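Subject: Structure handover

Hello,

The structure we discussed is below, with the sequence. My notes on it follow; please read them alongside the coordinates.

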There are 2 protein chains.
Amino acid sequence: MSKDAATPLRRPMRADARRNLDKIVAAAGAVIAERGAEASLEEVARRAGVGSATLHRHFPSRQALLEAVFKDRVETLCAKADDLLADPEADPGQALATWLHAVAAHAVANRGLGSSLMRDADPALGETCHDMITTAGDALLARARAAGAVRPGVTVTRLLKLVGAIALATERDADGPAEAELLLRLAIDGVRTR
Amino acid sequence: MSKDAATPLRRPMRADARRNLDKIVAAAGAVIAERGAEASLEEVARRAGVGSATLHRHFPSRQALLEAVFKDRVETLCAKADDLLADPEADPGQALATWLHAVAAHAVANRGLGSSLMRDADPALGETCHDMITTAGDALLARARAAGAVRPGVTVTRLLKLVGAIALATERDADGPAEAELLLRLAIDGVRTR
DNA sequence: TTGTTAAACGGGGTGGTCCTCCATATCGTA
DNA sequence: TACGATATGGAGGACCACCCCGTTTAACAA
């Protein structure tokens, strides 16, 4: 969940408003994951336990909601990277692998969301998110590399491209997530030093 | 307009059915060009002067209608290439340029149609259309090359990529068509021998 | 704690969409 | 011309986005 207000420069939101906003984003994430980016907003409001008017007040357009969901997922992913990084006991290579699986799950859950967003999203959004993910991943990769757990030539960019490609390739499949999981496992084994 | 039935293996369509089908495809082309691929089917039927039930009988899904529009546009483009090729008086270089402008217009008019189709279109459709356009363009290019009107190294594939890139780059722009026209003019001048 | 006020809420209405049913009109043919 | 097969389109059901506005609630000051 995002921790700062949607509009950080305004006066702070009322507590109930923020609560509802978070509930809406969470519900939208779930609904979009199972119905795709064209899901009914009414259904999102219903599942969030919120009136449809409230949803429309917080997100004046479907696009706005989609962007919020996307941003939220990216933030969750970055937070996960930080968590993994903060644990000094963890095996660096395993931590990286775990995170990549999370990224893949994110990419698969987004389904058409990415391309729907790209149709006419705020161009800065994509840029920002890309940077956030790259930076978060880089830290994990650096530690894994320092521990000698990855082959030379492996970069964050390449890892992310790999994950993205797998997600894209399995997107249209009946059981995409399972197939993606399998491919990713293979790919990660290829990345590891033996 | 397409000349053969949508289902060439069935018994021939009744004349009024074919007439309505053509009206629907034409109307859909216009509506999609101005409202995008998510345009209202009701509006398409209205503009075609046809009941909505008729539209739904001919095209059981939005996807089916989109595919028909796309196919129709490609066919129009190929027919245009044939026309240009058939005129022995024409300047070969100019004919090629004219056709490329038509292709660009087609690409711009399609807007999100391409990506909407690619989401889950019959994969064979894209392949077939690509081949059709490439073949049609190749003939025009060959004649232009024989007349010494194009530089060496120019291939249909490259020309089409050029046009596609220009369309894509100007798609999001406010006045995309005008900008695309300008860029294309520059690009074509670059292709010509001086 | 209590009172005041601005902010947020959500039920319900409006207008639009997709899609289907079926009585009617039209085509192709004998 | 007459007939059967085929195509048509208006009406209606289910659903949806979006908005109006009376009601509730959080925030803050006394």
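A base nitrogen of DNA strand C is 2.7 Å from an N or O atom in the side chain of Arg14(A). A polar contact here is a pair of N or O atoms within 3.5 Å; within protein, one must be able to donate a hydrogen and the other to accept it, and residues adjacent in sequence count only if both atoms are side-chain atoms. This is a predicted model, in which local features need pLDDT of at least 70 and side-chain atom pairs count only at pLDDT 80 or more, while totals for chains, interfaces and linings use all residues; side-chain values use heavy atoms, with hydrogens and water left out. Residues are numbered from 1 along each chain as its sequence is written, and chains are lettered from A and ligands numbered from 1 in the order in which they are written.

DNA strand C

A polar backbone atom of Glu42(B) is 2.9 Å from one phosphate oxygen of DNA strand C, and for Gly51(A) the distance from a polar backbone atom to a phosphate oxygen is 3.2 Å. There are 24 residues around DNA strand C, and the nearest are Arg14(A), Asn20(A), Thr54(A), Leu41(B) and Glu42(B); a residue is near a strand or molecule if one of its heavy atoms lies within 4 Å of it. Sugar or phosphate accounts for 62% of the atoms of DNA strand C within 4 Å of the protein, and bases for the rest.

By element, α1 and α3 of chain A and α1, α2 (41-48) and α3 of chain B each supply at least two residues of the surface near DNA strand C. Helices are DSSP runs of H or I with at least four residues, strands are runs of E with at least two, and both are numbered from the N terminus. α3(A) gives the most, with five residues. By type, the surface near DNA strand C has six nonpolar, nine polar and nine charged residues. In this scheme Ala, Val, Leu, Ile, Met, Phe, Trp, Tyr, Cys and Pro are nonpolar, Asp, Glu, Lys and Arg are charged, and the others, Gly among them, are polar.

DNA strand D

Around DNA strand D there are 22 residues, the closest being Ala15(A), Leu41(A), Arg14(B), Asn20(B) and Arg57(B). Of the atoms of DNA strand D within 4 Å of the protein, 62% are in sugar or phosphate and the rest are in bases.

- Thr54(B), an N or O atom in the side chain: 2.9 Å from a phosphate oxygen.
- Gly51(B), a backbone N or O atom: 3.2 Å from a phosphate oxygen.
- Ser40(A), an N or O atom in the side chain: 3.5 Å from a phosphate oxygen.

The elements that each supply at least two residues of the surface near DNA strand D are α1 (15-35), α2 (41-48) and α3 (52-58) of chain A, with α1 (15-35) and α3 (52-58) of chain B. The largest share, four residues, comes from α3(B). The surface near DNA strand D divides into six nonpolar, seven polar and nine charged residues.

Chain B

Glu43(B) is in helix α2 of chain B. Is Glu43(B) buried or exposed? Glu43(B) is buried, because its relative accessible area is 18% and buried means under 20% relative accessible area, exposed over 50% and partly exposed in between (1.4 Å probe, protein chains only). Apart from neighbours within four places in sequence, Glu43(B) is in contact (heavy atoms within 4.5 Å) with Val31(B) and Arg35(B).

Ala33(B), in helix α1 of chain B, is partly exposed at a relative accessible area of 31%. Its C-alpha is 9.5 Å from that of His106(B), 73 residues apart along the chain.

Leu184(B) is in helix α9 (residues 176-191) of chain B and is buried at 2% relative accessibility. Not counting residues up to four places away in sequence, Leu184(B) touches Leu100(B), His101(B), Ala104(B), Val163(B) and Ile166(B).

Chain A

Chain A has nine helices and zero strands. Of its 194 residues, 41% count as buried.

Regards
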